[in-house]
Every structure is written in structure tokens, then in C-alpha cells.
Amino acid sequence: MTEKTAREKPWLIRTYSGHSSAAESNKLYRTNLTKGQTGLSIAFDLPTQTGYDSDHPLAKGEVGKVGVPVCHIGDMMTLFDGIPLEKMNTSMTINAPAAWLLSLYIAAAEKQGAARSSLNGTTQNDIIKEYLSRGTYIFAPQPSLRLTSDVIAFTYREVPKWNPMNVCSYHLQEAGATPEQELAFALATSIAVLDTVRPVVPTADFEQVVSRISFFVNAGIRFVTELCKMRAFTELWDEICRERYGITDEKARRFRYGVQVNSLGLTEQQPENNVYRIILEMLAVVLSKNARARAVQLPAWNEALGLPRPWDQQWSLRLQQIVAYETDLLEFGDIFDGSTEIAAKVEALKTQAREELKRIDDMGGAVAAVESSYMKQKLVESNARRIGSIESGDQIVVGVNKWTETEPSPLTTGDGSIMTVDPKSEAEQIERLKAFRASRDQAAVTKAIADLKSAASEGRNIMEPSITAAHAGVTGGEWAHTLREVFGEYRAPTGVARAAAQVKGEKMSTVRDAVAAVSAKLGRRVKMLVGKPGLDGHSNGAEQIAVRARDAGMEVVYEGIRLTPAQIVNAALEEGVHVVGLSILSGSHVPLVTEVLERMKAAGLGDIPVIAGGIIPPEDEKTLLAAGCARIYTPKDYDITAIMGDIVALLGKKAA
């Protein structure tokens with residue numbers, strides 16, 4: 001009989017949160033901490049993540065929507081008011097401006113009287129996956145890796161308990177990655193980072209640098225495969241550290257990771273079923289002791305409907321606590337050691353991941369695989385296969401393509417069933433920002449910006465100048481603008497041009513025939529513009545619409561993410577399109593779609609139908625339809641071929 005081991009300490013229990021303002025988010029954090037949350041995971045809004053202040057034109061409609069706006073040290077101090085940073089473990093999802101937000105965090109801690117060396121937490125600082133899936137990059141790969149290297153080279157000495165680099169495969173799975181791709185693409189990214197930082201730190205310190213690299217992963221519904229993926233991750237990482245980098249200390253080679261389980265699989269239909277999906281996905285990362293997560297954050301059951309309420313977040317928190325404290329999970333060793341099924345699957349995943357890693361290595365590594373569009377194209381294709389299998393019924397999603405009959409859910413009815421951000425919060429944030437700027441010592445700001453620019457231009461580490469700039473009152477927009485002047489900006493390949501979907505079947509044949517018939521009536525091929533207005537970089541849906549529209553026989557214009565309504569309307573005019581499709585998942589759909597509609601009318605394009613897709617609550621759907629939107633599609637509309645048929649029918653009526 002196996003002896004029970006001493007009960008282990010649970011993983012860090014977090015919720016990923018932030019919205020509206022620093023003050024509102026601070027209230028939420030303090031409440032969650034009193035409910036038993038043991039760490040913080042900060043969601044920043046899109047302007048903060050892409051290096052714009054709240055009053056920048058591109059920030060319109062985006063302030064406080066998917067996270068908290070943090071423009072300067074005043075916001076950061078408000079965010080953590082009453083939360084002693086020397087005692088907190090804080091994860092910050094920030095990426096491109098990670099050096100800046102970490103500088104603000106350090107400056108805020110110093111204002112609290114805490115030593116840098118006492119700080120404990122993680123910056124999500126994986127820029128490679130931003131080019132592939134999430135879209136909040138600013139600079140090209142090389143200067144972005146240089147900034148990551150600066151953060152790592154600074155923190156291992158000055159903030160030794162901090163994880164400066166969080167290789168993030170989470171969003172790769174959200175973009176359609178298979179387990180093998182998630183393993184290979186994430187490990188290729190970690191290699192690119194370590195190869196960049198190795199020459200800039202003393203050889204004797206490199207083992208310490210490697211020991212601070214962490215990962216942030218995804219766990220999907222196929223939880224046995226996901227569990228095996230995590231065991232494969234731990235073994236492959238140990239292998240890379242030993243064989244590529246010569247790391248001899250076993251502890252320094254440990255695969256240290258946090259996780260948020262899959263949001264991609266959360267359904268708008270029968271959303272209460274998501275609770276079961278979330279618990280199964282969580283088990284994949286906590287059951288196997290040898291590959292157990294160090295920190296877990298769970299989405300709320302209703303995130304496919306909109307922003308979760310505090311009660312919804314509490315439900316996810318309680319789920320973690322029940323598994324951690326009520327079950328006997330933490331009293332045993334690894335319950336999968338010796339399983340031939342598990343061992344065989346782990347080996348198969350490792351073999352396929354090594355093959356993919358070699359392909360990437362042969363083309364010059366992760367950066368080359370981004371710049372050539374190889375990795376992005378592969379993700380677009382694998383996501384197309386995933387969606388196609390759901391449409392065909394080969395992959396069953398309960399309540400979506402099977403057993404769709406349902407009773408009305410009392411959880412989703414009535415006022416306040418989801419949380420909404422008050423539109424006034426954006427104006428209030430802008431007023432606070434203006435007041436902060438007016439109160440600064442402008443001479444100190446000017447000097448700090450000049451010193452930052454010099455450090456960036458001369459190749460010096462930008463962390464100390466950034467911390468000085470934070471203390472001086474420099475804003476995030478000013479910091480990013482300074483570096484944009486030095487490094488320039490970048491637009492990543494979309495992966496759409498060469499992606500192959502080739503959907504077969506009678507339904508697609510019917511749509512292709514309809515496209516041909518409508519094109520004949522119009523006198524030229526049906527042409528569709530797929531646009532991503534605002535700062536939302538989650539382009540997976542837009543990419544799949546673009547690929548499927550092309551597969552249906554349409555001509556497609558897709559120029560990637562982060563376009564202004566003016567740019568989209570100008571493209572519609574220049575390209576002579578027949579329909580405009582807008583994809584927005586950040587909650588800013590009402591102001592942005594409305595502006596596109598107004599600009600279309602002003603440009604004489606009011607007769608061209610505009611359709612919109614995203615996480616759009618029913619009330620907002622009514623508002624957009626009343627404003628002139630021709631169609632609204634939400635996550636419940638999973639059948640993309642049916643959407644294509646609907647769009648062609650709409651154009652057919654206009655052409656008649």
C-alpha cells in the first residue's frame with residue numbers, strides 16, 4: 001500500500017482581472033484577496049498594452065474595457081493602494097511594454113518603502129506569441145527581444161525573486177495550436193530568448209537566468225492529452241536546459257508554469273455547461289504532481305457572454321479552493337507514474353514536438369519563423385481544421401452542435417447578468433490623466449525621456465532609465481513613443497494569404513455556386529473587406545472569416561489588426577468592396593462600429609452592408625442593428641460556411 005506524502009502547499013490561486021479604473025480594480029483585488037485568493041493577476045486595458053495613453057485617438061472606446069488603464073505612477077499606486085507589494089505575488093499580462101509596467105511596479109513599491117529585492121511575481125513578456133495570436137506587439141522582433149533581454153539582465157540581479165520572462169503558449173492554443181504546436185512554438189520562443197540574453201550576462205550567472213524563466217500555458221477539454229502535454233513540457237524543457245545550455249542544477253531546469261484554462265472552448269450556448277469544462281481543464285494541470293502548475297487562474301463560466309461579475313469570479317475561485325483544500329489531491333505523489341498509456345502519449349507528443357522544433361531551427365529559429373509567416377500560417381490552418389470539425393459534427397461540442405435543446409437559464413436572465421463598463425469611466429480616466437500631466441515637474445519629465453532615448457539608442461539597458469522615468473511622472477504613451485522613435489513600429493504577417501482550408505461538402509458547394517451567381521449579377525467577383533478596428537489584436541475569428549470567404553470564391557481584403565475606422569472606410573473606398581465585415585472582441589464594438597457606419601455614409605458608401613462579429617451582448621446587438629449594421633454574429637454562430645451563405649444571400653438581394 002502506498003504511503004501518503006506530507007500534504008503539499010497549494011498552487012497560487014488567482015483570478016485574471018482588472019477593469020474601468022485603477023480605483024475600481026483595487027476594490028476588486030482587495031475583495032478577492034479577502035475571499036482567499038493568494039496572488040494577483042492583472043489585466044491591463046488595450047491602450048496600456050499597446051503603449052498609448054488613455055487620451056490617444058487609437059484608445060477611443062477601449063479605455064478600461066478588457067483591463068485596467070495604467071498610464072503613470074499615480075495610476076499604479078492607486079491600483080495597489082493598501083496592498084503591500086513586498087508581500088504580494090503579482091502576475092502582469094503586458095508584453096510589449098513589459099519593461100515599462102515593471103518599472104512602474106518597482107517605482108510604486110519603492111514609494112511604499114519596499115526594497116526591489118523583496119518583490120515577487122511575473123511579467124508576461126513573450127513577444128513572439130503576440131505576432132502569432134494576440135496582437136499587442138509594438139516593435140519588430142529584434143528590438144522586442146532586446147527589451148526582453150534588458151528586463152531579464154536587470155531583474156536577476158536587482159529583483160531576484162521576479163520571473164522576468166513568461167513564455168506564453170496560452171494564446172497559441174487560443175489561436176488553434178495543436179498540442180504538438182503549442183509545445184514546439186513555446187519552446188522555440190524560449191530558445192530565442194535565452195540565445196538573445198546569453199551573450200549579455202556573465203557565463204557564471206546564466207544558470208540563475210535560466211532558473212527564472214517561467215511559462216504560462218493553456219489546458220483544453222481533452223484533459224488526458226493536456227495532462228500528457230504538461231508532462232512532455234517538463235521533460236523537453238529539462239532536455240533543452242541540459243543539452244543546449246549545459247545547466248547542471250536540476251532545480252534550475254524545472255519547468256515552472258502558471259495556467260489559465262481554455263477560454264476558446266467556452267460556449268455562448270448553454271453557458272452553464274462551461275463550469276464542467278473549466279473543472280476538467282483544471283484537472284489536467286493539477287492532477288500530475290510532477291507537472292503541476294505553480295499558479296492557476298480560471299475563466300468565469302460566462303466569459304463568452306461578456307465581462308464577468310465579481311460573483312462569477314468568486315465561483316471560479318471557490319472551484320480552485322475546493323480542489324486544493326477539500327480533496328486529498330495534495331497528499332499523494334504523482335498518481336500517473338508507471339502508467340503505460342500516459343507514458344506512450346507523452347513520448348508521442350515529445351517526438352512530434354522535436355520534429356517541429358527542428359523545422360523551426362532549420363529555418364533560423366522562432367524569429368525567422370515569424371517573419372516568414374510560417375508559424376502564423378500553421379496556426380491559421382490548424383484553427384480552420386478545428387472549426388471545420390465542429391461544423392461537420394466530427395468534434396462534438398455539447399449544446400452547440402449536439403443536444404442543443406435547452407431550458408432557459410436563470411443564471412443569464414435579468415438586468416446585471418453580465419458586468420458592463422460605464423462609458424463615463426473613459427472620460428473620467430482622461431480627466432485624471434490631464435490633471436496628472438499638469439501636476440508634474442516638466443523639467444524632470446523632459447530629462448527622463450531624453451535619458452531613456454539615449455539608453456535605447458546606445459544599446460544600454462533601459463530598465464534604470466525607465467524606473468527613473470516612472471518616478472518622474474512619464475506616462476506609458478510617452479515611454480512607448482520615445483522607443484517608437486528609436487525602434488520604429490512593425491506589422492506582423494497575417495498568415496491568411498497562403499493558409500489553406502479547402503472546405504469540402506455540399507453546403508460549401510452551394511455557397512460557391514451562390515457566390516458565382518451573385519458575382520455574375522454584379523459584373524465582377526464579390527469582394528469582402530475584413531477589418532479589425534481599434535486595438536483588439538485577437539484576430540483568430542477575422543482570419544477564419546477571411547480564409548473561408550476566399551475559399552467560398554470571394555475576393556478578400558484583409559490588412560491585419562489595429563486599424564482606425566477612417567483607414568477601414570478608406571480601404572473600402574479604394575478597393576471597391578461589396579461588403580465590410582468588422583471583428584471586435586474587446587467590448588468596444590458600439591463606438592467603433594458606429595463610427596465606421598457614420599464614415600461609410602459620409603464617404604458615399606452607405607449602401608454597402610456592414611456586418612459585425614464578436615462578443616456582443618443582446619442589448620448592444622439591438623443598438624448596432626438600429627444604427628444600420630446589416631448583420632451581427634456572436635460566438636453562438638460557429639458555422640462559418642452558414643455565415644458565408646448568409647452574407648452572399650444579403651448581397652444577392654441587393655444585386656437583384
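Begin by selecting D362 and K358, which, being four residues apart in helix α13 (residues 340-362), are separated by about one helical turn; helices here are DSSP runs of H or I with at least four residues, strands are runs of E with at least two, and both are numbered from the N terminus. The model is predicted, so local features need pLDDT of at least 70 and side-chain atom pairs count only at pLDDT 80 or more, while totals for chains, interfaces and linings use all residues. Residues are numbered from 1 along each chain as its sequence is written, and side-chain values use heavy atoms, with hydrogens and water left out.

D362 and K358 form a salt bridge whose closest N and O atoms are 2.8 Å apart, the term meaning a side-chain nitrogen of Lys or Arg within 4 Å of a carboxyl oxygen of Asp or Glu. By this rule the count comes to 45 salt bridges. D362 counts as exposed at 55% relative accessibility, and K358 is exposed too, at 52%; buried means under 20% relative accessible area, exposed over 50%, and partly exposed in between (1.4 Å probe, protein chains only).

Next, select E478 and R440, whose side chains meet in a salt bridge of 2.8 Å, N to O. This pair links distant parts of the chain, 38 residues apart, with E478 in helix α19 (residues 476-487) and R440 in the loop between α16 and α17 (442-458). R440 counts as buried, at 13% relative accessibility.

Move on to E575 and K527, where the side chains meet in a salt bridge of 2.9 Å, N to O. Because E575 lies in helix α22 (residues 565-575) and K527 in strand β11 (residues 527-531), the pair ties together parts that are 48 residues apart in sequence. E575 counts as partly exposed at 31% relative accessibility, whereas K527, at 10%, counts as buried. After that, select E110, R116, E158 and E464, which salt bridges with shared partners join into one network.

Finally, select I396, V398 and W403, which make a nonpolar surface patch of about 300 Å². Patches are made of residues with over 30% relative accessible area and no salt bridge, like charges being joined within 9 Å and nonpolar side chains (Val, Leu, Ile, Met, Phe, Trp, Tyr) within 5 Å, and accessible areas come from the Shrake-Rupley method with a 1.4 Å probe, only the protein chains shown counting as cover for residues. V398 lies in the loop between α15 (374-392) and α16 (424-439) and is partly exposed, with a relative accessible area of 37%.
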